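I opened the notebook to go through this structure piece by piece. Entries follow in the order I looked things up.

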Amino acid sequence: MILIFYIQDLCRLKNMRNQMNSVVTNMVNLIQNVSQNREDKKITLEDLKHCLISPYLKIFPNTTIYATSAYHYILGYFPLIFIVYVKGNNDSTASVIWRKRIWANDKIDTYKISVDTSDNRSLINTASNVIPSKIYPTLMIKPGETKIIIECALHYSQWYKYHFTDGRPTSSVSPREAFGFHLLSSLPHTQELYFQSVIIFTPKVGLFSETPPK
């Protein structure tokens, strides 16, 4: 029985990784195409919210993606995304020009997506005039070139304020249990961010500028 559970966990781990890779790939496809039928191709903040949250609906059915009240989620966890605009400098270094963090709001309103500029727990480093790999290990960028880096994750915190909608505190439910594993306790994560997936791409002309989306 233990062997069966272990094999099931390995299959679920592979599936979770594949799902998150699919999520971030779909984000890129949406961003690259969402404004192509508009005269003004520039990506807006509302575009970003749609493009970065809707791919998660494969993991979060119906409205389980949102908080039902402050710090309360049906699944106990919620989506969190970083999107970072990077520019290559003339001396072969690179700089992060701007970044946004987008997530299902946990503190105030229900059914709301929030945006800020935090880089807390992100795998993408906010830095200027550094070799590209200091920003992200696989980043390669030419002088004058721009790149977008997206990191998507599932946020599960056992901080005392977080609860499941049914009232259970997340402090009493291990990440293993929350994500549906039988035996595996060593799940890929950085503090409260689990199953992180990162993608780097060159945006189509006109989508982004050095001014963050509004």
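**Entry 1: Arg38 and its partner**

I started with arginine 38, which counts as partly exposed because its relative accessibility is 30%. I kept in mind that the model is predicted. Which side chain does arginine 38 meet in a salt bridge? I found aspartate 47, with N to O at 2.8 Å. Aspartate 47 has a relative accessible area of 9%, so I logged aspartate 47 as buried. The cut-off for buried is under 20%.

How many salt bridges does the count come to? I got 7. I looked up two more of them in detail.

Arginine 101 and aspartate 116 meet through their side chains at 2.6 Å, N to O. This pair links distant parts of the chain. Arginine 101 sits in strand S4 (residues 94-104) and aspartate 116 in strand S5 (residues 113-116), 15 residues apart. I then checked burial at each end. Arginine 101 counts as buried because its relative accessibility is 11%. Aspartate 116 is at 23%, so I noted aspartate 116 as partly exposed.

Then I turned to glutamate 192, which forms a salt bridge with arginine 121. Their closest N and O atoms are 3.3 Å apart. Why does this pair tie together separate parts of the sequence? Glutamate 192 lies in the loop between strand S8 (189-190) and strand S9 (193-201), while arginine 121 lies in the loop between S5 and helix H3 (132-135), so the parts tied together are 71 residues apart in sequence. Glutamate 192 is partly exposed, with a relative accessible area of 25%. Arginine 121 is buried, with a relative accessible area of 14%.

**Entry 2: an open sheet**

In what order do its 3 strands run? The order is S1-S2-S7, the sheet is open, and the pairing is mixed. Strand S1 (67-69) and strand S7 (163-164) are the edge strands, and each pairs on one side only. I looked at how strand S2 (residues 72-73) joins S7: the two run parallel, with 2 bridges. For histidine 72, I found the bridge partner in S7 to be histidine 163.

**Entry 3: helix H1**

Helix H1 spans residues 2-33 and holds leucine 3. Is leucine 3 buried or exposed? Leucine 3 has a relative accessible area of 58%, so I marked leucine 3 as exposed. Leucine 3 also belongs to a nonpolar surface patch of about 590 Å². The patch is made by Ile2, Leu3, Tyr6, Ile7, Leu10 and Leu183.

Further along I checked serine 22, also placed in helix H1. Serine 22 is partly exposed, at a relative accessible area of 27%. How far apart are serine 22 and tyrosine 56 in sequence and in space? I noted 34 residues in sequence and 9.3 Å in space, C-alpha to C-alpha.

Note on methods: Residues numbered from 1 in each chain as written. Predicted model: local features only at pLDDT ≥ 70, side-chain atom pairs only at ≥ 80, totals over all residues. Heavy atoms only, no water. Patch = residues over 30% accessible without salt bridge, like charges linked within 9 Å, V, L, I, M, F, W, Y side chains within 5 Å. Areas by Shrake-Rupley, 256 points an atom, 1.4 Å probe, with all protein chains shown as cover. Salt bridge = Lys/Arg side-chain N within 4 Å of Asp/Glu carboxyl O. Helix = DSSP H or I, 4+ residues; strand = E, 2+ residues; numbered from the N terminus. Buried < 20%, exposed > 50% of the residue type's maximum accessible area, 1.4 Å probe, protein only. Pairing = 2+ DSSP bridges.
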